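Subject: Structure handover

Hello,

Here is the structure for your files. My notes follow below it.

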Amino acid sequence: MKKFVSILLVIIMCLSYHFILVVHASTLDAKSDSAVMQEGKSTQARTDKKDSTDGSDTKDDAASGVSMSEVSLCIDNKNVYEGMQQAYANGYQPVCANRNVTLVLPLISDGKLQQDKITASVDLGATDSSPFVFRSYEKEFNCKPEYINGTGETKDIFLVSFELTLSEKRVNGIYPVIINVTGKDENGIEVQKSFTNFVTVADGIDPNAAASGAADTTQAEETPTSAPVVLVDKSVINTDTVKAGEDFEVTVTLKNTSRQKSVQNLVATVNVPSADIELKNDANTIFIGKIGTQKTTELTLKFHASKSTADGNYPIEIAMSYDDPKASTLSSTGSFVVTVEQPLDVKLTMPNIDKNVTAGDTIPLTFQVMNLGRSTVYNVRCDVTGDGLSQTKTAFIGNMESGTAGEGETNLFITTLEGKSQYGDTTGTVTLTYEDGFGNEQTQEFSFNTTINKMPDEALTGDEKKEKSASQWWISLAVIGGLIVLAGAVFGAYYMGRKKR
């Protein structure tokens with residue numbers, strides 16, 4: 001019995017100890033679950049905070065310009081531009097000639113870019129295998145009208161163009177050339193794009209010979225090409241005659257005579273040697289961005305000729321400085337001539353001519369002429385014409401210096417009028433003629449009126465002439481008879497006196 005009780009007590013104690021262990025484990029599990037939940041909340045908070053921070057960073061990046069622009073650039077693959085032999089759609093390839101590669105990339109923007117400008121640079125690849133001479137190839141290009149397809153039609157485009165110099169040790173092959181283009185849209189967001197062209201080199205070293213160590217040094221001969229020359233093609237003055245003291249305008253046409261090379265960055269400087277001719281433009285230099293091959297451009301020049309400008313031809317020079325496609329600076333000069341004339345001012349003093357003249361009379365005339373202009377006039381003379389008026393000679397004055405006076409004399413013979421009526425009113429014309437320093441003849445005309453009357457004997461009719469002759473005969477007889485009677489009376493008186501003595 002005692003043994004049974006002892007065993008039962010042992011069993012009860014074991015069960016109690018197990019119960020205590022279970023309770024303690026439960027307590028520990030509860031605490032652990034609470035800690036895990038707390039840690040989970042902490043982790044979630046940290047995650048939320050990080051997400052919030054990441055969102056803020058993204059917003060800041062967008063504000064700083066990292067966001068991509070909606071404006072993009074693409075190649076115009078339909079049209080042919082200067083320096084291209086065919087369009088991109090037809091398999092455009094850069095042109096290789098004379099150790100140079102002309103690479104043209106016509107780009108179109110589907111949106112507005114700041115200042116209508118992009119910057120392009122060239123990536124020539126690794127230096128050890130590149131056939132190009134390495135240098136800085138970076139330019140700015142503006143969106144502007146460019147001629148397309150060899151016609152006069154234009155299109156607004158970014159015409160990216162580079163002249164790449166080939167190395168003397170170039171190896172034949174096909175080489176990629178990358179053009180990196182950057183710009184900014186109206187929101188200041190950067191626009192970037194890269195374009196790859198492939199350049200075929202065929203005038204260099206044979207790659208097989210280069211690989212075997214026996215380099216082929218025979219290269220195709222370079223065909224020299226002449227530099228582009230810009231000339232003054234023509235000039236047009238907006239008035240027939242440039243007069244001293246007046247403004248005038250000249251349109252000058254400049255022409256790029258080259259059939260192969262365009263010119264760019266042209267600066268035309270206008271030089272007027274004479275102090276009497278003044279250029280009225282804001283400046284004497286004019287900038288022209290580009291002149292294509294065989295193309296022209298016009299300059300509008302405004303001038304003023306002073307009142308003291310003497311008659312003559314005045315050359316005006318235009319000096320031009322410009323770049324060829326390789327950015328080599330070239331220059332040329334041209335000129336045009338402006339002919340300036342002094343306005344002539346010649347005055348004639350008319351002689352007095354009677355209102356009534358008689359047929360058969362000869363009237364002496366003296367013409368007084370004054371040169372009130374600033375230049376010499378030549379071969380000054382006066383002529384008189386009119387019905388019933390005949391000039392015996394031209395009244396010649398000759399050459400007259402500025403501010404001088406001269407006289408010319410002639411005789412005017414009065415005849416009868418043409419037609420049925422030989423006498424009556426007539427109009428005479430005095431023509432003053434003179435020449436300027438260029439031989440140009442000018443005239444002035446003056447008119448006068450007079451009446452041609454008959455001579456005294458011609459004033460009577462035929463019957464009146466007979467009556468006048470008869471009356472004059474009887475008068476003569478009466479005078480003779482009177483003289484006879486008077487002579488008889490004198491003789492009778494004398495005879496009677498002697499008789500008385």
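Which residue in β26 is the bridge partner of Thr429? It is Ser447.

First, the conventions. This is a predicted model, in which local features need pLDDT of at least 70 and side-chain atom pairs count only at pLDDT 80 or more, while totals for chains, interfaces and linings use all residues. Residues are numbered from 1 along each chain as its sequence is written, and side-chain values use heavy atoms, with hydrogens and water left out.

Strands are DSSP runs (E, at least two residues), numbered from the N terminus; two of them pair if DSSP finds at least two bridges between them. β25 (residues 424–435) runs antiparallel to β26 (residues 441–453), joined by 12 bridges. The two form a hairpin with five residues between them, and Gly439 in the turn has a positive phi of about 85 degrees. β25 is also antiparallel to β21 (residues 377–386), with seven bridges; here Gly386 stands opposite Gly428. Of the 12 residues in β25, nine are buried (under 20% relative accessible area, 1.4 Å probe, protein chains only).

A nonpolar core is a set of buried Ala, Val, Leu, Ile, Met, Phe, Trp, Tyr and Cys residues joined through side-chain atoms within 4.5 Å. The largest has 35 residues, of which Ile118, Phe132, Val160, Phe162 and Leu164 touch the most other members. β6 (154–165) gives the largest share, six residues. Apart from this core lies another, of 29 residues, including Val263 and Ile316.

Regards

Technical notes
Buried < 20%, exposed > 50% of the residue type's maximum accessible area, 1.4 Å probe, protein only. Helix = DSSP H or I, 4+ residues; strand = E, 2+ residues; numbered from the N terminus.
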